[in-house]
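Hi there,

Here is the structure I promised to pass on to you. Have a look at it first, and my notes on what turned up are below.

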Amino acid sequence: MISRRNIRVKVMQTLYALETMEPGTIKPGTATSLLTEKLDQTSQIFTYLLYCLTQVAQYAEIDAQQRASKHLPSAEDLTVNTKIAGNEFIFQIINDKGFQVNLETWKLKHIPEQDMLRKLYNILVASDNYQEYIKEPSRNKKTEKEIIEYIYKEILSQSELFLQHMEDTFLHWGDDAEMMSLLVANYMHKPHLFNFLQLISREKLEYARELLLTVLDKKEYCLELIKPKLQNWDPERIAVVDMLLMEMGVCEFLFFPTIPTKVTINEYIDLAKAYSTPQSGQFVNGILDNILKDLDAANQIKKVDRNKK
């Protein structure tokens, strides 16, 4: 469910964090603990996004109560439609035990601001989609899911207020935002396939840990391959992220036989463009390509078909 690109980003962030730590503070297990923390952030964001969906929908009941308790409520105040609060898809999310465990573990319930939820709910109520939804007194799975998809795609994802809230609340929201759209869409399509307590498959979790530990273990060897290709570049002046991405790329060339070399190069070019300097993509591409040619010539690249492994 979580992409290999996202895994690579988390490994890169972990390596960068280790680079900036005082040597004496790094203990056995520090690296994997940091990686787990980075991966947990993705699960937190996903859980929180779905929680916000439930809270916007269920704000209908709060709105109805507040309007009914006015000193002189109007007829409209006394007849607020709360159908959305009982949406079947919303209850499917809420009743998921893994979802509830995540909310409690990471203390996510206290984060949403009531004023923000009210504004998002009011945007929803003013929409034609919502008005069509509440006109139909009965419920069916298709329309129940469609209105929740609408809230995510057209209300939350399009709200500057909500997006700023996510950026302020989650340090690495920018790293995960694009993937979250895909994750939420997949969840909407097949919620029964999601395990909130294990959003990362065992295979990808193993890949993440193996990549992290391999880069740490083979760092000196990777630098022996990288430094001769730097020509007039001073290794000490090259962006730390560029060096880390090249080390990760070399490790994938040599120690991850099921990952094609072309995939590795393309992935690290994209990451360099996204997380380093404007010239980093071209720089990382050139260095990795030169190293790959040497490794190929020395017959050191051993790749296998993942499907035949």
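**What I found**

In this chain, 80% of the contacts with a separation of 6 or more are between residues 24 or more positions apart. Please keep in mind that this is a predicted model.

Let me begin with the overall picture. The chain has 14 helices and zero strands, and its C-alpha atoms fill a box of roughly 80 × 45 × 35 Å along the principal axes. Of the 309 residues, 46% are buried. The accessible surface comes to about 16600 Å², and carbon and sulfur atoms account for 50% of that.

Next, the charged pairs. A search of the whole structure turned up 19 salt bridges, and a few of them deserve a look on your screen.

- Glu-203 and Arg-4 form a salt bridge, with their closest N and O atoms 3.5 Å apart. This pair links distant parts of the chain, as Glu-203 lies in helix H10 (residues 202-217) and Arg-4 in helix H1 (residues 4-19), 199 residues apart. Arg-4 has a relative accessible area of 17%, which is under the 20% cut-off, so this residue counts as buried.
- Glu-19 meets Lys-219 in a salt bridge of 3.1 Å, N to O. Here, too, distant parts of the chain are linked: Glu-19 belongs to helix H1 and Lys-219 to helix H11 (residues 219-226), 200 residues apart. Glu-19 is partly exposed at 41% relative accessibility, and Lys-219 is also partly exposed, with a relative accessible area of 23%.
- Glu-104 pairs with Lys-109 in a salt bridge, the closest N and O atoms being 3.1 Å apart. Glu-104 is partly exposed, with a relative accessible area of 48%, and Lys-109 is partly exposed at 41% relative accessibility.

There is also a network of salt bridges, which links Asp-63, Arg-67, Lys-70, Glu-76 and Asp-77.

Finally, a helix pair. The axes of helix H5 (residues 114-125) and helix H8 (residues 160-169) come within 10 Å and cross at roughly 145°. The crossing of H5 and H8 is left-handed. Which residues make the contact? From H5 they are Met-116, Lys-119 and Leu-120, and from H8 they are Leu-161, Phe-162 and His-165. The residues of this contact divide into four nonpolar, one polar and one charged.

Notes: Residues numbered from 1 in each chain as written. Predicted model: local features only at pLDDT ≥ 70, side-chain atom pairs only at ≥ 80, totals over all residues. Heavy atoms only, no water. Axes fitted to C-alpha atoms, helices over the stretch in contact; angles between N-to-C directions. Helix = DSSP H or I, 4+ residues; strand = E, 2+ residues; numbered from the N terminus. Left-handed = near helix turned anticlockwise from the far one by under 90°. Contact = heavy atoms within 4.5 Å. Nonpolar A, V, L, I, M, F, W, Y, C, P; charged D, E, K, R; others polar. Buried < 20%, exposed > 50% of the residue type's maximum accessible area, 1.4 Å probe, protein only. Areas by Shrake-Rupley, 256 points an atom, 1.4 Å probe, with all protein chains shown as cover. Salt bridge = Lys/Arg side-chain N within 4 Å of Asp/Glu carboxyl O.
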